[in-house]
Amino acid sequence: MQKPDHTTRRTFLSLAGSAVMLGVTLRPTEATPAMLSSAIRNVVGEANVRTGKVKLDVPPLVENGNTVPMTVSVDSPMTAQAYVKSIHVFNEKNPQPNIGNFYLGPHAGRAQVSTRIRLADSQKVVAIARLSDDTFWSVSVDVVVTLAACTEEVI
């Protein structure tokens with residue numbers, strides 16, 4: 001007959017080992033172009049997305065992907081008749097392809113958002129704006145990252 005503490009320890013180690021294995025198996029590595037397309041379709045539906053009107057300021061070469069400055073601005077008068085409803089930012093290779101959604105209105109004054117993002121690797125960043133007439137406009141920028149972010153080491 002085994003001692004109860006050995007059974008408990010053995011059970012604990014078995015469960016802990018299983019949890020680690022599940023974590024390694026289920027952790028997403030990076031997004032795919034199909035995931036990027038799907039994330040964009042979740043926002044725009046079947047609407048046509050045109051290029052233009054949107055400007056994405058992000059450095060083309062980034063030393064550290066952990067904190068990348070980004071500004072998205074949209075050419076809009078921001079009046080009650082013509083304004084930006086929302087700005088959506090996507091990336092090509094991070095585990096989650098949708099970086100952020102920003103909702104604006106005519107009282108925002110300026111159609112611009114600034115933040116810092118994380119980039120897992122060199123990739124394309126896409127910004128899409130939805131205007132008050134329900135049209136979608138976009139821009140994409142390729143960013144080279146020398147030190148990747150969004151990576152986890154498995155011990």
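**View 1. D134 sits in the loop between β8 and β9.** Here, strands (E, at least two residues) are DSSP runs, numbered from the N terminus. This is a predicted model, where local features need pLDDT of at least 70 and side-chain atom pairs count only at pLDDT 80 or more, while totals for chains, interfaces and linings use all residues. Residues are numbered from 1 along each chain as its sequence is written, and side-chain values use heavy atoms, with hydrogens and water left out. D134 has a relative accessibility of 37%, so it counts as partly exposed (buried is under 20% relative accessible area, exposed over 50%, partly exposed in between, with a 1.4 Å probe and protein chains only). Look for A47 too: its C-alpha atom is 8.8 Å from that of D134, although the two residues are 87 apart along the chain.

**View 2. D134 pairs up with K85 in a salt bridge.** A salt bridge here means a side-chain nitrogen of Lys or Arg within 4 Å of a carboxyl oxygen of Asp or Glu. In this pair, the closest N and O atoms are 2.9 Å apart. K85 belongs to strand β5 (residues 84-91) and D134 to the loop between β8 (123-131) and β9 (136-147), so the pair ties together parts that are 49 residues apart in sequence. The side chains of D134 and K85 are also joined by a polar contact of 2.9 Å. That term covers a pair of N or O atoms within 3.5 Å; within protein, one must be able to donate a hydrogen and the other to accept it, and residues adjacent in sequence count only if both atoms are side-chain atoms. K85 is partly exposed, at 26% relative accessibility.

**View 3. K85, R130 and D134 form a network of salt bridges.** R130 is partly exposed, with a relative accessibility of 28%.

View 4. As for the whole structure, a search finds three salt bridges. As a general point, side chains of opposite charge can pair when their charged atoms come close.

Technical notes:
Helices (H or I, at least four residues) and strands (E, at least two) are DSSP runs, numbered from the N terminus.
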